[in-house]
Amino acid sequence: MSTSLIYRSAAGYELVMRALYGRHYAARLSAVADQVPANASVLELCAGPGALYRRRLRGRIGAYTGVDLNPRFVTRLRRMGASALQLDLSRAEALPIADVVIMQASLYHFLPDAAAVVDKMLAAARLRAIVAEPVRNLTSSRLPLLAALGRRATDPGAGPDGHEQRFDEAALDQLMGRYGGAVTAAFTIPGGREKVFVIDPRLR
Ligand SMILES: C[S@@+](CC[C@H](N)C(=O)[O-])C[C@H]1O[C@@H](n2cnc3c(N)ncnc32)[C@H](O)[C@@H]1O
C-alpha cells in the first residue's frame, strides 16, 4: 500500500499533529528535549518530518541523526542539514551509537513486539533512551474529523497489518516495568496525551 497522504507532506503532517495535540503541541516537544543533555549526540528513531530536531534540539546538541522508514521524511531531514537514514526499524539488527536515543509517538508501530525495539534503543544508547508514547488515543477523539485525522496521521502506509493497536497507560507501564530501576523518570506531558520514559542503559 502506498504511503498515506498525510505522510506525503511534511507540512501537512505537522498541521495534523498540531490539531491533534492542540495547545499542548509545543509542550510535547519540550518534554522530550528537556531530557536531552546539552551537547549530547542524538539518534532519533521514527523522526518524521523532524519537528523535534528543528524546533527544540538544533543548536543545543552535538551530532544528530534521524531515522525513518519514509523516504520523504529522510529527504526533508537532510535538507535541514541533519544526518538521516532510511531504515525499517523492525528489521534493523543494530543501530548507530549515540549518547541519547529518542522515539516519540511511534512505539505502537512495533506492537506486539515493542520491547525488541526498546532493547535496540538501549543497546545503542550511551547515556539514556527516551520513549514518549501516546497513552490517550489520538484516534478516539470525540470529534470525528480529528479521530479520522489521528488515524491517518499515525498510519505509516505500511498496510492494514496491525497498526491499529495502540498503547494505553497500563500497557505502556507494563512494558516499561521490564526495565525496572533503569527507568530514571516517567511522567505524562501537559494534557496527558503522551507518557515519557527515560531509561539509563547503564543501570540495567
Ligand atoms: C506518528 S509518526 C511520529 C513522528 C514524530 N516522531 C513525531 O512525534 O511527530 C510515526 C513515524 O514512524 C515512522 N515509522 C513507522 N514505522 C516505521 C518503521 N518500521 N521503521 C522506521 N520508521 C517507521 C513513520 O514513517 C512516521 O514518520
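**Close-up views of a predicted model**

View 1. A171 has its place in helix α8. This is a predicted model, so keep that in mind for every view here. Is A171 buried, partly exposed or exposed? With a relative accessibility of 30%, A171 counts as partly exposed. Look also for V135: 36 residues separate A171 from V135 along the chain, yet their C-alpha atoms are 8.9 Å apart.

**View 2. The two sides of helix α8.** Helix α8 takes in residues 169-177, and L172, L175 and M176 are buried in it. Those buried residues fall within an arc of 95° when you look down the axis of α8, so they line one face of the helix. On the face turned away from that buried side, you'll find the exposed residues A170 and Q174.

**View 3. Helix α5 and its buried side.** Here we move to α5, residues 71-79, where F73, V74 and L77 are buried. They cover an arc of only 105° around the axis, which puts them on the same side of α5. After α5 comes G81, with a positive phi near 95°.

**View 4. N70, the cap on α5.** Which residue caps the N-terminal end of α5? That's N70, with a side-chain oxygen 2.8 Å from the backbone nitrogen of R72. N70 has its place in the loop between β2 and α5. At 6% relative accessibility, N70 counts as buried, because the cut-off for buried is under 20%. P49 is 21 residues from N70 in sequence, while the C-alpha atoms of the two are 9.4 Å apart in space.

View 5. β1 runs parallel to strand β2 (residues 64-68), and four bridges join the two.

View 6. How many residues surround the ligand? There are 21, and the closest are R28, C46, D68, D88 and Q104. The shell divides into 13 nonpolar, five polar and three charged residues. A side-chain N or O atom of Y13 is 3.1 Å from an oxygen atom of the ligand. A polar backbone atom of L87 is 3.4 Å from a nitrogen atom of the ligand. From Q104, a backbone N or O atom lies 2.9 Å from a ligand nitrogen. On its own the ligand has 600 Å² of accessible area, and the protein covers 95% of that.

View 7. Most residues other than glycine have a negative phi, and most peptide bonds are trans. N39 has a positive phi near 70°, and it isn't a glycine. You'll find N39 in the loop between α3 (25-33) and β1. A105 isn't a glycine either, and its phi is positive too, at about 60°. A105 has its place in the loop between β4 and α6. Which way does each go, buried or exposed? N39 is exposed, with a relative accessible area of 61%. A105 is buried, with a relative accessible area of 10%.

**View 8. A cis peptide bond between L111 and P112.** The peptide bond joining L111 and P112 is cis, with omega about 10°. P112 is in the loop between β4 and α6, a helix that takes in residues 114-124.

**View 9. A94 in an exposed spot.** A94 sits in the loop between β3 (83-86) and β4 (98-104). Its relative accessible area is 63%, and A94 is exposed. K120 is 26 residues from A94 along the chain, and 6.6 Å separates the C-alpha atoms of the two.

Key:
Residues numbered from 1 in each chain as written. Predicted model: local features only at pLDDT ≥ 70, side-chain atom pairs only at ≥ 80, totals over all residues. Heavy atoms only, no water. Near = heavy atom within 4 Å. Polar contact = N/O pair within 3.5 Å; in protein donor to acceptor, adjacent residues only side chain to side chain. Areas by Shrake-Rupley, 256 points an atom, 1.4 Å probe, with all protein chains shown as cover. Nonpolar A, V, L, I, M, F, W, Y, C, P; charged D, E, K, R; others polar. Buried < 20%, exposed > 50% of the residue type's maximum accessible area, 1.4 Å probe, protein only. Arc of directions from axis to C-beta. Pairing = 2+ DSSP bridges.
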